[in-house]
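Visitor: I would like to learn how to read a protein model step by step, and I hope you will guide me through one.

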Amino acid sequence: IGGTALTKEVNPISGANINELNWKVNVNTSMQDLGASGKVFKDTLQGNHKYKADSLVVKKYKLGTDGTTRTDESIVTGEYDNLVNTQLDFSLNLTGKYAYEITYTIIPGDTEDSSQTVKNKAEFPGVTPIEKSVTITYGKPLEKIGTKASPVGTTNWTIKVNENLKTIASGVTITDTWTGSHQLDGSITVPELDAADYTIVTNDTGFVLTLNNPVSKAFAINY
């Protein structure tokens, strides 16, 4: 029926501000008999990322002579230890005349860089290990943009915060100050956060936004 001993793919394959990567490995789609004692599949992380806890799912199935039709498919995750986010690799002993689909999720670590590449290696006896990598790009931690508005002399301001998707601790403050004869026209909004997530204190020359809870997503302050 053809098939292969080992394939590996990831979604997404690259992109900006990615906070999770979903991996899928197919093992023994050539339907060789792995025997009662089995053969060991091993997956290893390389770089600044970690497994998402309990994200492992293992399916076994038989593949038809057309190479695509699955039969006798079952989820056998419970036969293995699931993932914890402190481990750097995991191994699964695969048995019998079955093909296996192994899926799991990894979480990229924080970085101060504008991009990072994380790698992952899959190994199975008798074949060359497969290494895959994903490059992730990140936005700026803080950016302020102003656009002229109506009436004349009015400016709409947007402060973009955490476009690099780091975890900002509770208690962190963002201070905005204006000079000259400027004054606030209307209210200050933060659409991406809940009202309980922050407190804003204004004065004649600006405002201070204090985070009441940790924030891991990008958000904007508009006024």
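This is a predicted model: local features need pLDDT of at least 70, side-chain atom pairs count only at pLDDT 80 or more; totals for chains, interfaces and linings use all residues.

Visitor: Is the protein compact or spread out, and what is its radius of gyration?
Guide: The secondary structure comes to 0 helices and 17 strands, and the C-alpha trace spans about 80 × 30 × 30 Å along its principal axes. For 223 residues the globule rule gives 17 Å, and the protein is well over that, so it is more spread out than a compact globule, with a radius of gyration of 25 Å.

Visitor: How are the rings of tyrosine 51 and phenylalanine 90 arranged, edge-to-face or stacked?
Guide: A search of the whole structure finds 7 aromatic pairs. In the pair of tyrosine 51 and phenylalanine 90, the ring centres are 5.4 Å apart and the planes meet at 70°, and because planes over 60 degrees apart count in this way, the arrangement is edge-to-face.

Visitor: How many residues apart in sequence are the parts that this pair ties together?
Guide: Tyrosine 51 lies in strand E5, which covers residues 49-51, while phenylalanine 90 lies in strand E8, which covers residues 89-94. The pair therefore ties together parts whose separation in sequence is 39 residues.

Visitor: Does tyrosine 51 count as buried or exposed?
Guide: Residues under 20% relative accessible area count as buried. Tyrosine 51 has 0% relative accessibility, so tyrosine 51 counts as buried.

Visitor: Over which ring does the charged end of arginine 70 sit?
Guide: The charged end of arginine 70 is 3.9 Å from the centre of the ring in question. That ring belongs to tyrosine 61.

Note on methods
Residues are numbered from 1 along each chain as its sequence is written. Side-chain values use heavy atoms; hydrogens and water are left out. Rings of Phe, Tyr and Trp (its six-membered ring) pair if their centres lie within 6.5 Å; planes under 30 degrees apart count as stacked, over 60 as edge-to-face and the rest as tilted. Helices (H or I, at least four residues) and strands (E, at least two) are DSSP runs, numbered from the N terminus. Buried means under 20% relative accessible area, exposed over 50%, partly exposed in between (1.4 Å probe, protein chains only). A charge sits over a ring if NZ of Lys or CZ of Arg is within 6 Å of the ring centre and within 35 degrees of the ring normal. The radius of gyration is taken over C-alpha atoms; the globule rule is 2.2 Å times the number of residues to the power 0.38.
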